[in-house]
Amino acid sequence: MGKTFIQKIFENKTGKSVAEEEIVFVEPDYILTHDNTAAIIKKLAQVQEGIRVKYPERLVIILDHIIPAANVASANAHKQIREFVKKQSIEHFYDIGVGICHQVLPEKGLAIPGTIIVGSDSHTCTYGAFGVFSTGIDRTESAGIWITGETWFKIPKSYKINLRGKFRKSVFAKDLILKIIGDLGADGANYKSVEYQGDGIKNLSISDRMTIANMAIEMGAKNSVFPVDDKTERWLYERGIENYQKIRADEDAIYEKEYSYNLDEITPQVAFPHSVDNVKDISEAAGIKVAQCFIGTCTNGRIEDLHIAAKILKGKKVHASTRLLILPASREIYQQAVQDGTLAILNESGAVILPPGCGPCLGAHQGVMADGEVTISTANRNFKGRMGNKNAFIYLASPATVAASAITGKITEPEEL
Amino acid sequence: MKVFFYNKDNINTDLMFPGKYTYESSDLEFIKEHLFEDLDVNFPKEVQKGDVILAGENFGCGSSREQPAVGLKYVGVKAIIAKSFARIFYRSATNQGLLLIECPEAVDYYKEGFSIEIDERNGNLKIGDKIFQFPPLPKQMREIIESGGLLKNIKKKIS
């Protein structure tokens, strides 16, 4: 009987045969933490004062959640983290401004196919775009792995999602993943490993795959994964990564469920408040007035996303009844958008350009809404209170839909412009 | 023992502890004060040691923030019985030494006023006068819960 991706990657790591539902102990290749590193440092001290991290070279620490510091508490946390990094000789440390962790980790060449990455952030699943097994854990478990180097996993059952075809104009990866989450539900893939397969993958850029993998958690999945192909190899080569293992499921692997999507048939989708699986065709959202439009985050803050927005907004103005926030996901993207003129176009349209971080998405700071206001956002979550006000409403859509909506001040299908 | 019955699905960690507080403080009293703030504002005032929570499918979905699990352990919640749990929350609760029981039939059967008795060793759950079975915990997880959480478990191992 053939084996799934998840079985093979854990067999590769443990050197023994693993079955579904089995619990195995492994040493993750990298452990990502961000601003919550400060809380993890405290937990470390609870176990033993002055304890050393077992494998400092496996820690990846990226400051992104509240940057620049919004208050004394976050400033103190950042300071404490910088001191810890020095004391424990952590080489993979990226201070504020480098970018959002899920963008930076791959950019720095750390999302290596065939490896296992855990992170104290639920969107750690993003690296599935590169054939990595990656998943979110909590702060306590991160502290545990810092000390012992290892943790346990229960090998999940797998789902397969077949993709074929090619998106039509004005349809993007975000529309596809929203459609999938709407169909499967917020717990539709709970505990499962989701494998994307099929001919359609070759028509998806690395950025598209990251958008899709990023949102695996929004259907409850433990992880999702794309096969490594020419596009992945080229992307990795440009970042100096040439040695890695391409782990693929066997042809005759057994899946608990299989789904199939034809990319040609996908239309622009919108997730309505207050859950990510409350997804409807854009025609049902058309005309809803928006007080704020937000393009950015680890889901859709890449250069491709900014290019889409700039194409739509070029020579146009953000409608007087709304405001547009643009947030490049990393310094690398920011720099590229400066150099190729994208940020100039967006700035001229009336957008507010924010530094590469997470602030608005989780309501930490920047872009908090007033009571009763509506935001249309490219983020991955629209939970009640998510952007800092429980009396506000968040709709999720593609960068094209958000850009088009910024021009009209109401939810607008990109093709109409 | 009081039972908090939240008869709905997909109760996410933002409702249980709003994101805007996640980097403010990890002080336990602070977490308690805001626990379930967008779900049930009375919860911190009413909850007492030994209480039980009942909920629907996919309890604890969303963010990996651990304050909900930390807070529920701190206020002394004895167990959470739900139709299903989101996976990060399941790990997170285990890491705090909080007992989770997945038993959809029991949640469907429960009515206000019913008593609840839990025998986690044998996987028995008595709701009113009816007994439900749930799969006992795997050994690794039982050890963590019995030590009072992952860090206490590690502390025991390394000392």
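**A loop residue and its surroundings**

Guide: Asn58(B) is placed in the loop between strand S2 (52-55) and helix H4 (67-74) of chain B; helices (H or I, at least four residues) and strands (E, at least two) are DSSP runs, numbered from the N terminus. The model is a predicted one, in which local features need pLDDT of at least 70, side-chain atom pairs count only at pLDDT 80 or more, and totals for chains, interfaces and linings use all residues. Residues are numbered from 1 along each chain as its sequence is written, chains are lettered from A and ligands numbered from 1 in the order in which they are written, and side-chain values use heavy atoms, without hydrogens and water.

Asn58(B) counts as buried because its relative accessibility is 0%; buried means under 20% relative accessible area, exposed over 50%, and partly exposed in between (1.4 Å probe, protein chains only). Beyond its neighbours within four places in sequence, Asn58(B) is in contact (heavy atoms within 4.5 Å) with residues of both chains: Ala186(A), Asp187(A) and Asn190(A), together with Asn10(B), Ile11(B), Ser84(B), Phe85(B) and Ala86(B). With Asn10(B), the side chain of Asn58(B) makes a polar contact of 3.0 Å. Such a contact is a pair of N or O atoms within 3.5 Å; within protein, one must be able to donate a hydrogen and the other to accept it, and residues adjacent in sequence count only if both atoms are side-chain atoms.

These neighbours lead to the interface. Chain B contributes 40 residues to the contact and chain A 50 residues. About 3,700 Å² is buried between chain B and chain A, 55% of it from carbon and sulfur atoms; buried area is the accessible area (1.4 Å probe) that two parts lose on being put together, summed over both. Tyr23(B), Arg87(B) and Arg91(B) account for 23% of the area that chain B buries against chain A, more than any other three residues.

The polar side of the interface comprises 22 residue pairs in polar contact between chain B and chain A, both at pLDDT 80 or more. There are also 4 salt bridges between chain B and chain A, a salt bridge being a side-chain nitrogen of Lys or Arg within 4 Å of a carboxyl oxygen of Asp or Glu. Arg91(B) forms a salt bridge with Glu141(A), with 2.7 Å between the closest N and O atoms. Helices H1 (13-16), H5 (87-96), H7 (139-147) and H8 (150-158) of chain B are the elements that give two or more residues to the side of chain B that touches chain A. H5(B) supplies the largest share of that side, 7 residues. A network of salt bridges links Arg386(A), Asp14(B) and Arg65(B).

The nonpolar packing can be described next. The largest nonpolar core has 93 residues, and Phe10(A), Leu72(B) and Leu125(B) have the most contacts inside it; a nonpolar core is a set of buried Ala, Val, Leu, Ile, Met, Phe, Trp, Tyr and Cys residues joined through side-chain atoms within 4.5 Å. Helix H2 (residues 37-47) of chain A gives this core its largest share, 5 residues.

Glu218(A) and Arg381(A) form a salt bridge, their closest N and O atoms being 3.1 Å apart. Glu218(A) is in the loop between H7 and strand S10 (223-225) of chain A and Arg381(A) in the loop between S17 and strand S18 (393-396) of chain A, so the pair ties together parts 163 residues apart in sequence. Glu218(A) and Arg381(A) are both buried.

A further salt bridge joins the side chains of Asp250(A) and Lys8(A) at 2.7 Å, N to O. Asp250(A) belongs to the loop between helix H8 (230-238) and strand S11 (257-262) of chain A, and Lys8(A) to helix H1 (residues 5-14) of chain A, 242 residues apart. Asp250(A) is partly exposed, at 26% relative accessible area, and Lys8(A) is partly exposed at 25%.
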